[in-house]
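Here are some worked exercises on a protein and its ligand. Grab a viewer and try each task before you read its solution.

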Amino acid sequence: MSEPEAAAPLLRILGVVKRFGEHTVLDGIDLEVGRHEVVVLIGASGSGKSTLLKTVNLLEQVDDGRILLGRADAPGEAAEDITDPRIDADRVRGRIGVVFQHYNLFPHLRVLDNVTLAARKVHRAGRAEAERTGLELLERIGLAEKAREYPDRLSGGQQQRVAIARAIATDPDLLLLDEITSALDPQLVGEVLDLVRELKTQGSTILMATHEMSFARRVADRVVYLKDGRIVESGPPAQIFDAPEREETREFLSRLR
Ligand code: ADP
Ligand code: MG
């Protein structure tokens, strides 16, 4: 029997450039995310982390470069160029789960309906099936008893856990998480990051931005330090945090301590 070919990376960001007017916010980003890999973006505010995540989710158009997305469940299948202008952006977004810092849940929908909405709308699942899956997910994150509540009855940490449940309800190929704990009281950060760690254990592929360096150290397969829209250095957490090769990385990290 022949060895299976090494699977191509799930996500390939190739020479991505993004400008806002005169301001080059992403200045030639090359980054790959392998299947089941957790890649963590770090960098000062304004370094381009959110913009990079938004280009992957097609919330921002790139000015140059390409982004290729493969299928999590079909490693042999050719990746698709999601920056091709002819692409169906809604379909691509349906393959990607996203959680932002704020405002992830619809306030007028109960928790369960928040979780099942995308499955029902985008993926045309029936109500009964979507609700069964939604309740299973809420059980997994320990919030089944909140299914019929409105989001404002939940703590910020619980809301973010529901937002994560919603993001994975459609079984996306890729998860994008943008500073999902930065609006939370410190005592609520742990429960959200524990859930991210559990998703990693279960094989999710995750590209995320965070200020939580201790989390990045424990959970990231690879840490990417962004500065002024460029990747200064990327590597396993032990390299980035304990033995950075670049002076700029060392400076950034020393300012955090
Ligand atoms: P980070 O997430 O690392 O804090 P961002 O990606 O949000 O950084 O921002 C990178 C730079 O792009 C910042 O200088 C920001 O002001 C600028 N920027 C982001 N979005 C826009 C926009 N829609 N219009 C103009 N400038 C923007
Ligand atoms: Mg940001």
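**Exercise 1.** How do the residues of the shell around ligand 1 divide into nonpolar, polar and charged?

*Solution.* A word on conventions: residues are numbered from 1 along each chain as its sequence is written, while chains are lettered from A and ligands numbered from 1 in the order in which they are written. This is a predicted model, where local features need pLDDT of at least 70, side-chain atom pairs count only at pLDDT 80 or more, and totals for chains, interfaces and linings use all residues.

Step 1: list the neighbours, taking a residue as near if its C-beta atom, placed from the backbone, lies within 6 Å. Phe20, Val25, Gly43, Ser45, Gly46, Ser47, Gly48, Lys49, Ser50 and Thr51 surround ligand 1.

Step 2: sort them by class (Ala, Val, Leu, Ile, Met, Phe, Trp, Tyr, Cys and Pro are nonpolar; Asp, Glu, Lys and Arg are charged; the others, Gly among them, are polar). The shell has 2 nonpolar, 7 polar and 1 charged residues.

Step 3: find the main contributor. Helix α1 (residues 49-56) gives the largest share of the shell, 3 residues.

**Exercise 2.** Describe the overall make-up and dimensions of the protein.

*Solution.* Step 1: count the elements, which are DSSP runs numbered from the N terminus (helices: H or I, at least four residues; strands: E, at least two). The protein has 9 helices and 10 strands.

Step 2: check the dimensions. Along the principal axes, the C-alpha atoms fill a box of roughly 50 × 50 × 45 Å. A compact globule of 257 residues would have a radius of gyration near 18 Å, and the protein agrees with its 18 Å. That radius is taken over C-alpha atoms, and the globule rule is 2.2 Å times the number of residues to the power 0.38.

**Exercise 3.** At what angle do α5 and helix α6 (residues 186-201) pack?

*Solution.* Step 1: compare the axes, which are lines fitted to C-alpha atoms, for helices over the stretch in contact, with angles from 0 to 180 degrees between N-to-C directions. The angle between α5 and α6 is about 20°, and their axes lie 8 Å apart.

Step 2: name the arrangement. The two helices α5 and α6 are therefore roughly parallel (under 35 degrees; over 145 is roughly antiparallel, 65 to 115 roughly perpendicular and the rest oblique).

Step 3: look at the residues, in contact if their C-beta atoms, placed from the backbone, lie within 7 Å. Gly156, Gly157, Gln160, Arg161, Ile164 and Ile168 of α5 meet Leu188, Glu191, Val192, Leu195 and Leu199 of α6. This contact of α5 with α6 counts 6 nonpolar, 3 polar and 2 charged residues.

**Exercise 4.** Which residues in α3 meet residues in α5?

*Solution.* Step 1: place the helices. Helix α3 (residues 111-121) and helix α5 (residues 156-168) pack at about 30°, with axes 7 Å apart.

Step 2: read off the contact. Val111, Asn114, Val115 and Ala118 of α3 meet Val162, Ala165 and Arg166 of α5. By class, the contact of α3 with α5 has 5 nonpolar, 1 polar and 1 charged residues.

Definitions and conventions: Contact = placed C-beta atoms within 7 Å.
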